[in-house]
Amino acid sequence: MGILVDSSSRVIVQGMTGREGASHSRAMKEFGTQVVAGVTPGKGGTDFEGWPVYNSVAEAKAAHDANVSIIFVPPAGAADAVLEAAHAGMPLIVLITEGVPTVDMMKAVQEVKTLDAASRAEGGQGVRLIGGNCPGLVTNGQAKVGIMPNKIYTNPGRIGLISRSGTLTYEAAKLLNDAGMGTSTTVGIGGDPVIGTTFADVLPLFEADPDTDAVVVIGEIGGADEEAAAEYIAKNMKKPVVAFISGRSAPKGKRMGHAGAIIMGDVGTPESKLAAFAAANVPVADTMPEIIDMVKAALSK
Amino acid sequence: MKLHEYQGKEILRQFGVNVQDGKVARTPDEVRQIAREYGQSVVVKAQVHVGGRGKAGGVKFSPTEDKAFENGEKILGMDIKGLTVNKVLVTKAVDIDAGVEYYVGMIVDRNVQSYTLMASAEGGMEIEEVAAATPEKIIKHRVDPVTGLRPYEAREVAIKAGFKGNLNKIADMMVKMSKAALERDAVLVEINPLFVGPDGIPLALDTKFEIDDNAMYRHADLADWRELEAEHPLEIEASTYGFAYVKLDDGNVGVLGNGAGIVMTSLDVVNRAGAKPANFLDIGGGAKADIVYNAVKLVSKDPDVKAIFINIFGGITRADEVAKGVIQALNDGILTKPVRMRIAGTAEDEAKALLAEVGSPLIQMYATMFEAADEAAKDANAAEGK
């Protein structure tokens with residue numbers, strides 16, 4: 001099981017014929033993901049390494065009954081690619097692209113939410129956007145819709161993982177993997193200020209997943225997503241959650257690589273996040289290896 | 001990209017905002033010239049990319065031409081928080097006591113996945129101070145990113161904030177500010193103070209404007225406004241390589257890694273090891289040897305750096321490429337400070353083999369990021385006699 005993607009997911013790649021799109025299409029296939037087609041406007045009707053390429057998401061979706069789209073389109077066209085997939089009724093859209101203008105993301109996220117509500121009101125599956133500027137998602141042993149290294153996902157397990165950072169996702173997944181615990185599903189939600197899915201959106205899915213026993217949340221400075229997650233956990237979660245916060249020593253007002261990782265005034269400080277998790281009885285690891293000990297401790301209770 | 005006050009005002013003016021008249025001067029003589037032209041009292045305002053100009057003495061009321069010249073002399077060349085003032089804005093002075101000062105601003109707010117409009121009758125002071133002392137005096141409202149702020153919403157917010165004056169004109173100014181934000185990709189725009197005179201007409205006396213770097217490609221007309229001299233010299237060099245680099249104060253360990261998250265955590269780890277990170281440097285994903293070489297070169301140049309901590313978890317980044325870049329820097333004599341590395345992930349074994357072959361005491365590999373950071377911290381602190 002796991003959440004959001006599994007071995008039955010049928011994936012199309014928007015921007016498959018680009019450099020990143022091509023190499024990650026191959027890596028996803030190697031992982032075992034059912035990559036069914038690519039979309040590159042203008043290259044419809046051609047073949048790319050055995051995959052049929054279409055001009056539009058709607059065509060690809062109709063021809064292959066696809067239910068997930070992963071986007072590698074360059075920043076200027078990325079939000080438009082999201083809207084194309086959303087209007088084609090794609091239930092899950094994963095935006096990998098980094099550097100998309102924030103105003104474009106605001107507009108796209110709002111429209112996706114409107115389409116999601118409309119779809120659900122009609123009894124449909126809804127539309128969910130993950131990212132942008134994210135590493136995607138993996139359900140261990142089943143499917144990867146993302147750019148994580150395949151070899152850190154050799155050991156399927158029962159820990160859910162959610163992270164704002166790509167590299168720290170790998171770091172945590174490897175630690176869990178090497179500790180013999182392994183992950184169920186990993187969701188990289190992205191490091192941008194405006195993203196489609198937040199920690200608090202993913203936590204209920206893990207809470208409901210019979211294959212997940214505990215959840216690790218990898219947060220960072222900036223914004224208040226960790227605070228919202230803590231509030232959700234305190235009110236709704238029975239499964240144990242362990243947190244980690246990156247950038248605790250970063251100075252105020254300086255943007256730490258991720259556009260979203262900036263402390264502005266009193267918003268986004270590590271103190272605020274630590275306090276929120278403490279109030280929700282969520283242990284926060286000081287170092288990444290401590291995450292493992294804390295998960296073990298939480299599960300043995 | 002942060003804009004100067006005069007640049008932010010220029011943009012607001014393009015969107016029809018009623019902005020206080022002003023001109024830029026680079027010499028005291030130019031300041032006098034502008035004051036003479038206006039034929040009234042003026043305010044001379046330092047144009048630097050830091051807050052708190054007023055407190056630092058960078059904003060001065062000048063009742064006469066001579067006083068304007070004198071203030072120009074004082075402010076031009078002045079150092080404000082490490083930045084030299086090269087330009088001043090000379091504006092027509094306004095009789096503040098005859099009216100009221102309000103605050104309006106818009107900021108990218110991840111919690112509402114759009115802009116939040118903020119308005120307060122407590123204008124003229126930093127909004128952070130108002131937020132800390134009297135948060136109830138700030139009215140917040142989510143702006144729809146597709147429609148922008150509508151006049152009725154602006155009026156509602158203005159009424160809630162307790163604004164007095166010509167409500168339609170004040171709301172209109174807020175609507176125009178929203179248009180400027182959306183069309184010019186602002187991450188932050190403030191009009192503060194928004195002055196309302198006895199006639200009830202709003203006037204923008206000062207502004208802060210910051211543009212989303214990701215959107216700069218569609219604002220080619222503003223590219224000339226990027227001022228490299230206003231940033232740290234190493235940050236300028238880093239931008240030519242395309243690195244995400246931030247110079248940090250009081251550091252002694254240079255830090256570089258692949259990915260914002262891992263570098264942020266590396267800073268934390270250096271701190272825990274008892275040293276201070278001198279910089280944030282993300283080489284990005286999939287970096288080749290030449291990029292690593294440039295990164296090592298850049299960090300080595302920093303006189304604050306006494307040791308270098310490299311933290312790589314290779315996904316798309318190949319560890320052997322990282323090793324090659326570091327070795328090249330060593331062979332070229334660029335690398336003179338100890339490098340303590342932790343390299344894991346793709347092509348890890350190849351990287352270790354390459355580094356073992358070189359066998360330089362300057363470059364050491366460690367199994368975990370903690371050991372590598374500890375050693376880098378020890379080396380850096382030892383070099384400083386700590």
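Predicted model: local features only at pLDDT ≥ 70, side-chain atom pairs only at ≥ 80, totals over all residues.
Local features need pLDDT of at least 70, side-chain atom pairs count only at pLDDT 80 or more, and totals for chains, interfaces and linings use all residues; side-chain values use heavy atoms, with hydrogens and water left out. Residues are numbered from 1 along each chain as its sequence is written, while chains are lettered from A and ligands numbered from 1 in the order in which they are written.

**View 1. Chain A meets chain B.**
The interface brings 54 residues of chain A into contact with 46 residues of chain B. Contact means heavy atoms within 4.5 Å. About 3,900 Å² is buried between the two chains, and carbon and sulfur atoms give 59% of that area. Buried area is the accessible area (1.4 Å probe) that two parts lose on being put together, summed over both. The rule finds 16 residue pairs in polar contact across the interface, both residues at pLDDT 80 or more. A polar contact is a pair of N or O atoms within 3.5 Å; within protein, one must be able to donate a hydrogen and the other to accept it, and residues adjacent in sequence count only if both atoms are side-chain atoms.

On the chain A side, the elements that give two or more residues are helix H4 (102-121), helix H5 (166-178), strand S13 (241-246) and helix H9 (288-300). H4(A) gives the most, with 8 residues. Helices (H or I, at least four residues) and strands (E, at least two) are DSSP runs, numbered from the N terminus. This side divides into 23 nonpolar, 17 polar and 14 charged residues. Here Ala, Val, Leu, Ile, Met, Phe, Trp, Tyr, Cys and Pro count as nonpolar, Asp, Glu, Lys and Arg as charged, and the others, Gly among them, as polar.

**View 2. A salt bridge across the interface.**
A:Asp104 and B:Arg218 join their side chains in a salt bridge, 2.8 Å from N to O. The rule finds 3 salt bridges across the interface of chain A and chain B. A salt bridge is a side-chain nitrogen of Lys or Arg within 4 Å of a carboxyl oxygen of Asp or Glu.

**View 3. The largest nonpolar core.**
This core has 95 residues, and A:Val94 and A:Ile162 have the most contacts inside it. Helix H8 (residues 260-272) of chain B gives the most to this core, with 7 residues. A nonpolar core is a set of buried Ala, Val, Leu, Ile, Met, Phe, Trp, Tyr and Cys residues joined through side-chain atoms within 4.5 Å. Buried means under 20% relative accessible area, exposed over 50%, and partly exposed in between (1.4 Å probe, protein chains only). Beyond its neighbours within four places in sequence, A:Val94 touches residues including A:Val68, A:Ile70, A:Ile130 and A:Leu137.

**View 4. A buried pair in chain B.**
B:Glu5 and B:Arg53 form a salt bridge, 2.9 Å from N to O. The pair links distant parts of the chain, 48 residues apart: B:Glu5 is in helix H1 (residues 5-14), and B:Arg53 is in the loop between strand S2 (42-46) and strand S3 (59-62). Both residues are buried.

**View 5. Pairs one helix turn apart.**
B:Lys176 and B:Asp172 form a salt bridge, 2.7 Å from N to O. Both lie in helix H6 (residues 167-183) of chain B, 4 residues apart, about one turn of the helix. B:Lys176 counts as partly exposed, at 23% relative accessibility. B:Asp172 is also partly exposed, at 35%. In helix H11 (residues 348-358) of chain B, B:Lys352 and B:Glu348 are likewise 4 residues apart. The closest N and O atoms of their salt bridge are 2.9 Å apart.

**View 6. Backbone details.**
Most residues other than glycine have a negative phi, and most peptide bonds are trans. The peptide bond from A:Gly131 to A:Gly132 is cis, with omega near 10°. A:Gly132 sits in the loop between strand S7 (128-131) and strand S8 (136-139) of chain A. Another cis bond joins B:Asn192 and B:Pro193, with omega about 5°. B:Gln113 has a positive phi, near 50°. B:Gln113 is buried, at 11% relative accessibility. B:Asp250 also has a positive phi, near 60°. B:Asp250 is exposed, because its relative accessible area is 68%.
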